[in-house]
Amino acid sequence: SSTSRSDLDELYAPFKPPAKGSLSERISSSRPDIADAVDQFWNGDMYEQPKELEKMIRSRRSKGRDEMPPSDCVVHLLGSKIAANPAVLDTVMNITRSGCIVATKKAPASKGKGSGSKGAKGKGTAGKYSRSKFEQYFDFQCRASSLRDHTVLAIRRGLANKEIRMTNAVADANYVKRQIRRVLLEKALHRRVVDIYNTSNEVRRAMGDGIDDAWSRLLKRRSSAAVWRERVSEAEQRGIVCFAENLRSALMMPPQAEPTHILSIDPGHKAGTKVALLGPQGRLLKDARALSTIHFLGNRWPKAVSELAELLNIIKNKRDALPNPPTGPILVALGNGHGSGDSRTLVDEASSLCHVPIDIHVVDEAGASVWSVIEAAAKEF
């Protein structure tokens, strides 16, 4: 089943009538004799030798300055019919799936305002640090069928950030054209059409030119784009399954033998370090400072140490107020994201200041985001 507009466009492209104002539509309007002759030939309705069609194929003179020669009109109409044939489409897609080469290059720097490639000082989405993430794709080439899922998703992000540009096409175009000709003669064309093809040099040449036109004008871009969308969709689906399995494993892990209070720290620099005081069941403590933001950059370090020491005292007092208070250090869960090292030093100094022993556990922040802490995310989870 199709799930996107682009997928629907690809599914119905062979069955759509010529677009208004398209070259095929203009040929049908201005030269109905050529369009009728090509339709009769394609449908196998030419019971005699197609002398008129052969004459059109040989003719390279146009009636007007802006009108195409009849031979070119025949080739264009044949190319459109070949590209719309289901057997041809299936053959081309199968070849493209196995032989499509994906190549990426570094995108040229944009000079426009608001560009994502303005460098470290720009306001775009991709500065100097961001650009370095895609350096391995500045000169990259691989078969689409051999791409790993994380590579597919990384290339997609690089394209979205305009850090790289991508080309994808079958390396051996001549092989594809030979297979198109084979499928047409063996499966797609009416028997009468094959007989005319075998007996008429003009028709054989026009069909060859039509195959070239179908591939270069329609099938090459259409098939490579469809294969890339398939790879992206597969990578997304497998990524979701992998995340679900990892999440299930994490949620099904047995809890600590002795539930305890936790000081949870989400490190950060400019936005500050977020601190949460959690009870033995993982719920926020009923305290005005259960959720706090501590800023330590510049000359605010001493104040940050003092604030964190107060939070350690709060969580220690809450723990000691239990009927059977556990012994040992306060458990600290520290994220491994940006600013983790500074936050670890900060909590160590706070522990020394208030004489509250701590046990720091660094946890992976993969999959976390600002969105994940809002109420809507909690409901969806």
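Two strands count as paired if DSSP finds at least two bridges between them. The model described here is predicted.

Three strands form an open sheet, in the order 2-1-3. Their pairing is antiparallel. Strand 2 (139–143) and strand 3 (164–170) are the edge strands. Each has a single partner strand, so one side of each is left without a neighbour in the sheet. From one strand to the next, the twist averages 15 degrees.

Strand 1 covers residues 100–106. Seven bridges join strand 1 to strand 3, and the two run antiparallel.

Helix 11 spans residues 201–251 and lies across strand 1 and strand 3. Helix 11 runs at about 115 degrees to strand 3.

Two packed helices are described by the angle between their axes and the distance between the axes. For helix 8 (residues 149–160) and helix 11, the axes come within 9 Å. They cross at roughly 115 degrees. The crossing is left-handed.

Which residues of helix 8 and helix 11 make the contact? The table lists them by helix.

| Helix | Contact residues |
|---|---|
| Helix 8 | Asp149, Val152, Leu153, Ile155, Arg156, Leu159 |
| Helix 11 | Trp228, Arg231, Val232, Ala235, Glu236, Arg238 |

By class, the residues of this contact divide into seven nonpolar, no polar and five charged. Asp149 and Arg156 of helix 8 take part in the contact. So do Arg231, Glu236 and Arg238 of helix 11.

How values were computed: Residues are numbered from 1 along each chain as its sequence is written. This is a predicted model: local features need pLDDT of at least 70, side-chain atom pairs count only at pLDDT 80 or more; totals for chains, interfaces and linings use all residues. Side-chain values use heavy atoms; hydrogens and water are left out. Helices (H or I, at least four residues) and strands (E, at least two) are DSSP runs, numbered from the N terminus. Axes are lines fitted to C-alpha atoms, for helices over the stretch in contact, and angles run from 0 to 180 degrees between N-to-C directions. Contact means heavy atoms within 4.5 Å. A crossing is left-handed if the near helix is turned anticlockwise from the far one by less than a right angle, and right-handed if clockwise. Ala, Val, Leu, Ile, Met, Phe, Trp, Tyr, Cys and Pro count as nonpolar, Asp, Glu, Lys and Arg as charged, and the others, Gly among them, as polar.
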